[in-house]
Amino acid sequence: MHGLQMTMQAVCLRQIPQGMPQAQDFELQHQPVPVPGDGQLRVQVQWLSLDPFLRAQLGGRYALPCPPLGSIVPGYGIGTVREDRSGRFAVGEIVTGMTGWAEQAVLDAAAVSRVDATLAPVSTAVGVLGIPGLTAWAGVRHILQPRPGQTILVSTAAGAVGSVAGQLCKAAGCRVVGIAGSARKCAIAIDEFGFDACVSYRDADFLASLRAACPDGIDGYFDNVGGAVLEAALALLRLHARVVLCGLSDQYNRAERPPGPNLGPVIGARAHLQGLVVYDHLHEFERCRRELAAMLAAGTLRYREHIHDGLASAPAGFIGLLNGENLGKALVRL
């Protein structure tokens with residue numbers, strides 16, 4: 001162990017958030033550096049991904065269980081292999097996996113993937129070429145199935161998932177309209193991601209603006225928020241429209257489930273609503289990554305990153321993400 005850093009910093013869950021998470025729900029601790037067992041590797045973390053799904057997980061409303069109090073906050077990360085006891089990785093290789101919010105992590109080799117640093121900057125492995133990219137790709141490919149000339153509506157248009165979904169629909173020849181949380185985010189969706197129009201759900205005349213942006217209705221909707229925004233979109237469905245139900249950020253901080261949207265328009269449109277859970281599509285990750293990386297290289301896919309520096313900034317960055325303060329994929333650089 002000579003020369004090895006013996007302790008590390010980690011952000012732990014101090015209490016389960018009630019409503020919007022607060023700084024005091026998290027605690028920065030010093031912990032012993034974990035030691036890998038057989039079939040495992042130890043990784044020095046360089047990047048952490050901040051993701052909205054964590055809020056649902058912390059409320060026990062997610063595909064993954066709520067972490068126990070006092071444990072390291074879960075999350076995707078990217079890091080360098082420092083020690084390998086699996087025989088599958090070389091020291092110095094860059095990998096991604098569920099590192100949690102810590103400077104170092106021990107991971108099962110089977111749950112880790114290599115990062116190809118020649119494709120794009122390594123940080124994209126938890127963004128456009130990571131789970132957010134796969135989420136957008138799977139929803140567009142399998143559920144929306146956009147065709148040239150159709151109108152597709154995308155919520156969280158400037159976010160990590162929405163921005164990729166919108167650009168994939170543009171590449172398929174669609175007219176793409178975004179919904180975002182501020183005038184600045186709407187401008188980013190149009191100017192950087194090529195959306196044809198974008199409206200802010202925080203505007204007083206949101207419903208009128210949305211109707212004006214989609215005068216002939218919509219053939220598809222990629223929903224990341226639920227609630228009133230979903231209800232507004234459902235009122236615009238054309239015949240046989242398809243809706244991706246991907247996220248529920250509108251209710252992640254609520255104790256009670258909100259009343260459901262009126263589904264009358266869904267019946268009238270004979271629409272197809274389908275839930276999307278990205279973990280069902282992990283077997284397609286390589287194909288997705290190849291396609292998106294080719295678009296990045298060709299300049300037909302763009303992305304933005306919102307970077308927070310230092311592990312201690314992770315809780316504030318996560319709270320800012322839930323408040324809609326991020327402009328791009330939220331990351332922590334260690």
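I started at R270, which I found in the loop between helix 7 (264–268) and strand 13 (272–275). The model is a predicted one. Phi of R270 is near 50°, a positive value, and R270 is not a glycine. Is R270 buried or exposed? I read a relative accessible area of 56%, so R270 is exposed.

Next I looked up Q145. Q145 sits in the loop between helix 2 and strand 8 (151–154). Here too phi is positive in a residue other than glycine, near 45°. The relative accessible area of Q145 is 43%, so I noted Q145 as partly exposed.

I then went to H281. This residue lies in the loop between strand 13 and helix 8. Its relative accessible area is 14%, so H281 goes down as buried. What does H281 touch beyond residues up to four places away in sequence? I listed L134, A138, H142 and L276.

Helix 2 covers residues 131–144, and helix 8 covers residues 285–298. I found that their axes come within 10 Å and cross at roughly 95°. That angle falls in the 65 to 115 range, so helix 2 is roughly perpendicular to helix 8. By class, the contact holds six nonpolar, one polar and three charged residues.

What sits over the ring of F285? I found the charged end of R289 there, 4.1 Å from the ring centre.

Then I turned to the aromatic pairs. How many are there? I counted four. One of them joins F26 and F318. Their ring centres are 6.3 Å apart, the planes stand at 90°, and the pair is edge-to-face. F26 belongs to strand 2 (residues 26–32) and F318 to helix 9 (residues 314–322), so this pair ties together parts that lie 292 residues apart in sequence. F26 and F318 are both buried.

F318 sent me along helix 9. How many of the nine residues of helix 9 are buried? I noted eight, so the helix is mostly covered. The buried ones are A314, P315, G317, F318, I319, G320, L321 and L322. Where do they pack? I traced them against strand 1 (7–13), strand 2, helix 1 (53–58), strand 14 (305–309) and strand 15 (329–333). G324 follows helix 9, and its phi is positive, near 80°.

My last entry is C198. I found C198 in strand 10 (residues 197–200). C198 counts as buried because its relative accessibility is 13%, and the cut-off for buried is under 20%. Which residues are in contact with C198, leaving aside neighbours within four places in sequence? I listed A157, G178, I179, A180, C186, A189 and I190. I also checked C198 against G173, 25 residues apart along the chain. Their C-alpha atoms are separated by 17 Å.

Methods:
Residues numbered from 1 in each chain as written. Predicted model: local features only at pLDDT ≥ 70, side-chain atom pairs only at ≥ 80, totals over all residues. Heavy atoms only, no water. Phe/Tyr/Trp six-rings, centres within 6.5 Å; stacked < 30°, edge-to-face > 60°. Helix = DSSP H or I, 4+ residues; strand = E, 2+ residues; numbered from the N terminus. Buried < 20%, exposed > 50% of the residue type's maximum accessible area, 1.4 Å probe, protein only. Lys NZ or Arg CZ within 6 Å of the ring centre and 35° of its normal. Axes fitted to C-alpha atoms, helices over the stretch in contact; angles between N-to-C directions. Parallel < 35°, antiparallel > 145°, perpendicular 65-115°, else oblique. Nonpolar A, V, L, I, M, F, W, Y, C, P; charged D, E, K, R; others polar. Contact = heavy atoms within 4.5 Å.
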